[in-house]
Amino acid sequence: MPLIRVENLKKEFRVHKTSGGMMNSVKGLFFSRGEVVNAVDDISFGIEKGEFVGYLGPNGAGKSTSIKMLTGILVPTSGDIVVGGITPYRDRKLNSKNIGVVFGQRTQLWWDLPPIDSYKLLGKIYRRPSKEIQLKIEFLTELLELQEFIKSPVRKLSLGQKMRCELAAALLHSPEILYLDEPTIGLDVVAKDSIRAFLTRLNETEKTTIILTTHDMGDVEKLCKRVIVIDSGKIIHDSSIERLRNRFGNHRVLEVEYDEFSEFSLPENVTTVKNIGNRFFYQFDSDKIKAPELIKRILEHNSISDLSLVDVDIEEVIRKIYHEKRTV
Amino acid sequence: MSYQKSYILELLGYFVVTGIDFAAIYFLFESFPAVKGWSLWEIVYLYGLGSSALAIAQLSGEVLEDMSLIIRNGEFDQVLIKPISPLLFLMPQSFRLDRFARLAQGVLASGFSFYYLNIIFSWTNVALFLCSFFSLIIIFISLFLANAATSFWTIQSSEVFNAFTYGGVEMSKFPLTIYKRWMQVLFLFFIPIGFVIFFPTSILFEKENLLNFPKFSAFLSPFIAIAFFGVIWVYWRVGIRHYQSTGS
């Protein structure tokens with residue numbers, strides 16, 4: 001029995017169309033043409049305890065809508081959700097004790113209060129003994145390095161500091177599941193790294209189940225063990241990160257700079273992606289031809305001054321998945 | 001310090017505005033000795049009752065007036081992921097110091113009118129006062145809640161119920177008997193502000209004209225108010241289920 005079970009989940013929104021302009025707005029008051037949009041269209045999946053899942057998709061694909069149904073904010077149009085034995089939208093309060101949520105672009109801290117005060121208030125809201133909350137605050141302060149600013153009002157914190165404080169706020173009540181909606185949006189490299197390190201630790205040592213939506217493929221590559229891709233409300237891919245990488249074969253790119261290029265016939269399964277002067281980019285499938293073999297072939301015909309080998313990054317793979325879906 | 005100054009100025013401004021209100025009532029009674037048998041101080045009492053009940057309602061539930069904003073900036077999502085009833089989470093944020101001006105002024109007005117009207121302190125009188133006072137608070141909070149619930153559908157702030165809240169306050173400054181039939185029906189049965197003020201107060205001041213209602217109607221006020229709240233509560237619950245959140 002998975003920790004999170006979603007079956008045939010659907011969410012429809014009625015969207016009112018106005019054609020713009022004053023007259024049409026007035027008209028819209030009386031005759032509003034509703035149009036049904038399937039934000040989430042019949043999705044099913046299960047997530048086991050301790051998984052770290054990337055929930056990906058282009059803008060407007062239905063990611064946030066799904067997360068909001070999982071957290072109990074939205075009531076589904078149809079279908080089932082069971083999270084730890086609870087149906088979130090029916091037992092919203094019970095479910096909320098079990099989950100932590102961070103919406104990257106929203107705050108759950110009180111703007112004018114220092115985080116430490118917000119934490120104490122949240123402790124009361126979650127009805128946890130103040131002793132326990134105190135210990136938890138100390139623990140999280142240490143891990144997330146909040147010491148310097150835990151007593152300054154939230155409005156004075158930088159984006160990175162704020163995000164660390166948000167994470168602490170979401171974890172105060174030691175939830176079993178953590179939902180993160182674009183937690184690294186707008187952060188610099190160092191801030192991203194510290195948050196990623198923290199999340200990895202959380203997942204590995206505390207066995208917290210984490211569901212992450214993001215547009216940052218670095219997040220996916222460094223954190224997620226499984227990836228669910230959604231587009232236009234439908235799941236178009238669900239697999240482990242390795243299988244995702246392999247989905248389009250084991251593509252790699254060899255970059256070669258020739259001293260002087262003379263035409264020769266490429267082996268099968270190798271294509272020239274582009275060339276700039278004497279620099280050539282060859283794409284090949286490492287299951288079909290090994291890199292040394294290809295390099296040997298090249299050296300038989302030409303002398304080269306430089307060479308490098310790169311894996312196709314996950315971003316490219318995801319882009320292909322989106323694209324493939326669109327063109328079908 | 002600058003906050004203190006602005007606070008004092010705001011209070012002062014408030015007292016000037018309401019002072020003018022009082023002056024209007026006073027001048028009205030310069031030309032007419034009574035309005036449908038109600039004297040100056042009886043009208044002042046109505047005024048004080050309405051003001052102080054509204055002040056308490058605002059102190060406890062005014063944040064609901066900002067519901068459309070709370071929905072639009074995503075704050076309501078945050079509320080729904082807490083193990084707490086949304087109202088319990090939001091309502092304490094209504095607390096605003098400047099509302100105490102309205103409360104003080106309302107209490108003063110009713111205090112003075114009790115004094116000038118020689119209302120004796122008896123359990124019945126206290127009960128009559130409390131009946132209308134608390135019922136009125138419940139109705140005002142219900143109206144705030146109705147407004148908030150409407151935002152679940154309209155997203156834009158809705159002013160429909162505001163018309164009844166603040167219109168009701170204005171209406172309540174005079175006895176129900178001066179109004180047209182349809183107004184009486186509206187404020188007796190649909191938005192029962194009139195009901196909970198008129199009957200207890202009429203009994204308190206020993207008025208004859210009870211619009212053909214029995215005397216015990218005064219003590220029905222709390223039940224009417226609670227029933228009204230109940231209906232709005234259901235509306236609110238339906239609204240939460242209908243809540244659509246915002247994009248992203």
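Predicted model: local features only at pLDDT ≥ 70, side-chain atom pairs only at ≥ 80, totals over all residues.
**Entry 1: helices 7 and 8 of chain B**

I looked up helix 7 (residues 123-154) of chain B and helix 8 (residues 160-171) of chain B, and found that their axes come within 8 Å. The crossing angle is roughly 165°. Angles over 145 degrees count as roughly antiparallel, so helix 7 of chain B is roughly antiparallel to helix 8 of chain B. I noted the crossing of helix 7 of chain B past helix 8 of chain B as left-handed.

I then listed the residues that make this contact. Helix 7 of chain B supplies Phe140(B), Leu143(B), Ala146(B), Asn147(B) and Thr150(B). From helix 8 of chain B come Val160(B), Phe161(B), Asn162(B), Phe164(B) and Thr165(B).

**Entry 2: chain B against chain A**

I next looked up the contact between the two chains. Chain A contributes 19 residues to the contact and chain B contributes 12 residues. Which helix gives the most to the side of chain B that touches chain A? I found that this is helix 4 (residues 75-80) of chain B, with 3 residues. The side of chain B that touches chain A divides into 5 polar, 4 nonpolar and 3 charged residues.

**Entry 3: domains of chain A**

I consulted the domain assignment of chain A, which gives domain 1 as 48-245 and domain 2 as 249-311.

Methods
Residues numbered from 1 in each chain as written. Chains lettered and ligands numbered in written order. Axes fitted to C-alpha atoms, helices over the stretch in contact; angles between N-to-C directions. Helix = DSSP H or I, 4+ residues; strand = E, 2+ residues; numbered from the N terminus. Parallel < 35°, antiparallel > 145°, perpendicular 65-115°, else oblique. Left-handed = near helix turned anticlockwise from the far one by under 90°. Contact = placed C-beta atoms within 7 Å. Domains from an automatic or database assignment. Nonpolar A, V, L, I, M, F, W, Y, C, P; charged D, E, K, R; others polar.
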